[in-house]
Amino acid sequence: MLLSVQSQDLIDDVGYDAGYRMIREAGFEAIDWNLDHAWKANQLETAETLEGLCIFEQPLPEILAHYEEELSFIRKHGLTITQAHAPFPPYFSHRPEVLDYAIRIYHNLILFCGQVGCPRVVIHGISLRQSDPADRTHEDCLELNRRLYTSLIPALHKAGNVTVCLENLFTRYNTLGYGYRDGICSDPHEAVDLIDSLNEAAGRTCFGLCLDTGHLNLLRRDFRTYVPVLGRRIVALHIHDNSQDNDRHLAPYTGNICWEEFLREMKGIGYSGDLSFETFAQIRHTRTPVELAPAFLRLIAQIGAYFRSQLE
């Protein structure tokens, strides 16, 4: 059970060497690698052509060469890549061809993860958006998600050692961003049905869930009614806090999530995976001075060590 933290936004602020050294010295043993930076969503939505937007369009040797320097610093500082976050979103209703492009990118990303020893990749599903046509339904989104994830099965078989993690998502329902409704996999029974059907189609277990604690809290769902339903399908975590007002990505105990309930329910399903913190906003330089980032990282790592002691 490794202690992990996302590389976003620290690496952007201070660079590879200083950033990964800071993560290691704070007490983390692994990272959740933010490969979602590989494309910019606004470019994907508005570009005239879906070419030249992402390094993962290229052949695998070129992708490996592109990330060689960053990988060298991850390894230099003794960090494991426990999971990665894929670029998102994979779909815009006014530009449906983006889905085919995203599938192509995700194929290469899965193969890349297999090459660099990253065992899990979180790929966001497709939820209803405020900008969608009025006649688009949740069932329409479910069909799009089945198409998206099923199309990844050949790449998963080729990579051999990578699991695609769906995530419990929310969607905003007003322009200010302070209202939320269910997204894909926010209903635990829907998540079970989707994951089980994908694994059945694949002929083996290569899909699971990344449980996002902040998203669950935004939707006023609790761990008692979600975690036991998913059980061992939960194979990865995005641990962060908020006060049900916005997706703030803060350290545990700085919002209103009941962390004792989280620990009780995760222990109840026998969770033995890694503890990965998606707390990048806590140390973003626009929020926290760079000089204080190490202190916040140490605090988050200490919280992780406490969580581990309660779960092991």
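Is Arg-147 buried, exposed or partly exposed? Arg-147 is partly exposed, its relative accessible area being 40%; the classes are buried for under 20% relative accessible area, exposed for over 50% and partly exposed in between, with a 1.4 Å probe and protein chains only.

1. Basis of the model. The model is predicted, so that local features need pLDDT of at least 70 and side-chain atom pairs count only at pLDDT 80 or more, while totals for chains, interfaces and linings use all residues. Residues are numbered from 1 along each chain as its sequence is written, and side-chain values use heavy atoms, with hydrogens and water left out.

2. Fold and dimensions. The protein chain contains 13 helices and 10 strands, which are DSSP runs numbered from the N terminus (helices: H or I, at least four residues; strands: E, at least two). For 312 residues, a compact globule would have a radius of gyration near 20 Å, and the 19 Å of the protein chain agrees with this. The radius is taken over C-alpha atoms, and the globule rule is 2.2 Å times the number of residues to the power 0.38. Along the principal axes, the C-alpha atoms fill a box of roughly 45 × 45 × 40 Å.

3. Packing and surface. Of the 312 residues in the protein chain, 57% are buried. Among contacts (heavy atoms within 4.5 Å) between residues at least 6 apart in sequence, 77% join residues at least 24 apart. The accessible surface of the protein chain is about 13,000 Å², and 49% of this belongs to carbon and sulfur atoms. Accessible areas come from the Shrake-Rupley method with a 1.4 Å probe; for residues, only the protein chains shown count as cover.

4. Charges. The protein chain carries 28 positive and 42 negative side chains, and the centres of the two sets are 3 Å apart. Lys and Arg count as positive and Asp and Glu as negative, whereas His and the chain ends are not counted. Each charge is placed at NZ of Lys, CZ of Arg, CG of Asp or CD of Glu.

5. Arg-147 and Asp-100. The structure holds 16 salt bridges, each defined as a side-chain nitrogen of Lys or Arg within 4 Å of a carboxyl oxygen of Asp or Glu. One of them joins Arg-147 to Asp-100, with the closest N and O atoms 2.4 Å apart. This pair links distant parts of the chain, since Arg-147 is in helix H7 (residues 138-150) and Asp-100 in helix H6, 47 residues apart. Asp-100 is partly exposed, at 44% relative accessible area. Elsewhere, salt bridges that share partners join Asp-17, Arg-21 and Lys-76 into one network.

6. Lys-76 and Asp-17. Because Lys-76 lies in helix H5 (residues 68-76) and Asp-17 in helix H2 (residues 16-26), the pair ties together parts 59 residues apart in sequence. Lys-76 counts as exposed at 52% relative accessibility, whereas Asp-17 is partly exposed at 23%.

7. Ser-131. Ser-131 is found in the loop between strand S4 (120-122) and H7. With 56% relative accessibility, Ser-131 counts as exposed. The C-alpha atoms of Ser-131 and Ser-93 are separated by 8.1 Å, the two residues being 38 residues apart along the chain.
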